[in-house]
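These are my notebook entries on one structure. I set down what I looked up, entry by entry.

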Amino acid sequence: MQEARHIPTRRPGRGTRIALVAGVTAAVTALVFTIGTAANAATLFSDDFNDGNASGWSTSGGTWSVSSGAYSQASTGASAKALAGNTSWTTATATARVRANTFSGSSSRGIGVAARVQSTSSFYALVLTPTSVQIRKGATTVLASASFSAATGTWYTVTLSATGSSLVGSVNGAQVVSTSDSSYATGRAGLVANYTAGSFDDVLVTDSAGPSPTTSPPVSPSVSPTPSTPPTTSPPPTTGPPPTTGPPPATGIVGWATQGGGTTGGAGGSTVTVSSWADLRTQAQASGTRTILVNGMLSGSGTIEVTANKTIRGVGSSSGVSGTTLNIEDMRPANVIIQNMNIRGVPGTDAIQIENATNIWIDHNTLSSTIEDDVDFYDGMIDITHAGDYITVSWNIVRNHWKTSLVGHSDGNSGEDTGHLRVTYHHNWFDRTFERSPRVRFGETVHVFNNYYTNVNNNADSYAIASTMDAGVLVEGNVFENVQQACWSASGYADSDPGRLVARNNSLTNSGPCEVNGTVDPIPYGYTAENVGNVKASVTAGAGAGRL
């Protein structure tokens, strides 16, 4: 939803802004800048293929193409490779989501990610086969191996770290295999499909050093800690049910959507599958309880008015909608679930618009657009306004977007919004989302925990979270990397008055501070807050479409 006014340069620049809040956050600021200069992993290369092309990649063998936001290799008759980056890279950690569609014949066939690629035959690779995970030198020489069952049609997040002579491989965030070898000291990054048809997505290469090798791999992949900065410190919120420790389930509903009668969507009703935009619109706008399975990437123009008691869920990892606003409006309760969808930003309007509606769960979606010079080219990705309430936004990837998630649309709407706008954001990955992740007016308590924020630094006005107009926001156990300003509160934002914000156990690397102010109401529901050191691995392995 468009705000009454958008003033992207209304606030002073970063240096001035830090000076303005120094009285409130001097200790936090000192902590942030000490950490930021000591520990900053730079991104060397990234590609999510949402632009529909493979610019920057060179291929050898196989049949490569980009479709449905993934890079696919269709042949089972070649040792296929796709390479990108710089031959001078030394320390490098290469991560990608990989999915084997067909393994051919031999158990040595596999799919994975490569580092220190000097040529199409000289490289290190972390490869998944049907029965093992291996670190290889070249296409077939196995340096280290561990038992692992890789199923076709299933996405895995694989990471190979090369630091000195140390090689460490991880699957879904957990270290599973390691070795040492000094054959290759530098090289590019790559994707490997050795006589295997498969798909690749969300490639990320950084110059971070890998973890220390373990002497033996764990039995199966699980979330493992990653190096993190010391937590920020700030006043605790008022008393309420204490969080437990350890990772939450990636498939269960947590947060405000469990309150006010809960959120069940189309459970108990009929199930229908749609493969055209027109059918989706018909089924979503019809009355009655139902689960709507979306098969394929459906493109249309206009608004789909989602009616009460619906679950809209994508089939597989590549289904979703584009060119469309999913509007959930004037239903208390709405009881709507949107899950496992790929959703594209819509020029001039919101992708998901929630107005005067309650009991909604937005879960395991991948939402993306493009970064345009005009900040208003797209509007919101997930906007919640007009007393929307009892909402959870969880395990989503939101990428390449300016105005991510507005909670409360106007400074003049306190009469309608106060006492409502209760939203939980947890385990989302906000990457290159330059503001409003979220921006809150009046809502209390908006709970923002265990999210991963990266590269929120387009200009001096970029920020992650803002609490304004006396909103109450709890920011807990989040990871901020390369974020211009983690949080605003005591200073307000643009023309909006200050809000209240409590921050605890957050990690900030090369990021501006999380400004704190006052106290907030207690959280009424039970929840699990992961240790901040585990959040990055947990979110990158579990968030987005195709991860249910």
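**Entry 1: Enclosed strands**

I began with strand β13 (residues 174-180): six of its seven residues are buried, so the strand is largely enclosed by the rest of the structure. Buried means under 20% relative accessible area, exposed over 50%, and partly exposed in between (1.4 Å probe, protein chains only). Helices (H or I, at least four residues) and strands (E, at least two) are DSSP runs, numbered from the N terminus.

I note that this is a predicted model, in which local features need pLDDT of at least 70 and side-chain atom pairs count only at pLDDT 80 or more, while totals for chains, interfaces and linings use all residues. Residues are numbered from 1 along each chain as its sequence is written, and side-chain values use heavy atoms, with hydrogens and water left out.

I then looked up the partner of β13. Strand β12 (residues 166-171) pairs with β13 in the antiparallel sense over six bridges; two strands pair if DSSP finds at least two bridges between them. Ser 166 stands opposite Ser 180 in β13.

Strand β33 (residues 452-456) was my next item. Five of its five residues are buried, so β33 is largely enclosed by the rest of the structure. Strand β30 (residues 429-435) runs parallel to β33, joined by three bridges, and Trp 429 has Tyr 452 in β33 as its bridge partner. Strand β36 (residues 479-483) also runs parallel to β33, with four bridges; here Val 456 stands opposite Val 483.

**Entry 2: The whole chain**

I counted five helices and 39 strands in the protein chain. Of its 548 residues, 59% are buried.

**Entry 3: Nonpolar cores**

Which residues have the most contacts inside the largest nonpolar core? I found Ile 328, Ile 465 and Phe 480, in a core of 57 residues. Strand β23 (residues 352-363) gives the largest share of this core, five residues. Apart from it lies another core, of 42 residues, among them Phe 103 and Val 177. A nonpolar core is a set of buried Ala, Val, Leu, Ile, Met, Phe, Trp, Tyr and Cys residues joined through side-chain atoms within 4.5 Å.

Leaving aside neighbours within four places in sequence, I listed the contacts of Ile 328 (contact means heavy atoms within 4.5 Å). They include Val 306, Ala 334, Ile 354 and Ile 360.

**Entry 4: A hairpin**

Strands β9 (residues 132-137) and β10 (residues 141-147) pair in the antiparallel sense over six bridges. Lys 137 stands opposite Thr 141 in β10. The hairpin has three residues between the strands, and Gly 138 takes a positive phi near 75 degrees.

**Entry 5: Backbone details**

I recorded two cis peptide bonds. One runs from Ser 437 to Pro 438, with omega near 0 degrees, and Pro 438 is found in the loop between β30 and β31 (439-441). The other runs from Glu 444 to Thr 445, with omega near -5 degrees; Thr 445 is found in strand β32 (residues 444-449).

Asn 359 has a positive phi of about 60 degrees although it is not a glycine. This residue lies in strand β23. Is Asn 359 buried or exposed? Asn 359 is buried, with a relative accessible area of 2%. Tyr 390, also not a glycine, has a positive phi of about 55 degrees and lies in strand β26 (residues 389-394).
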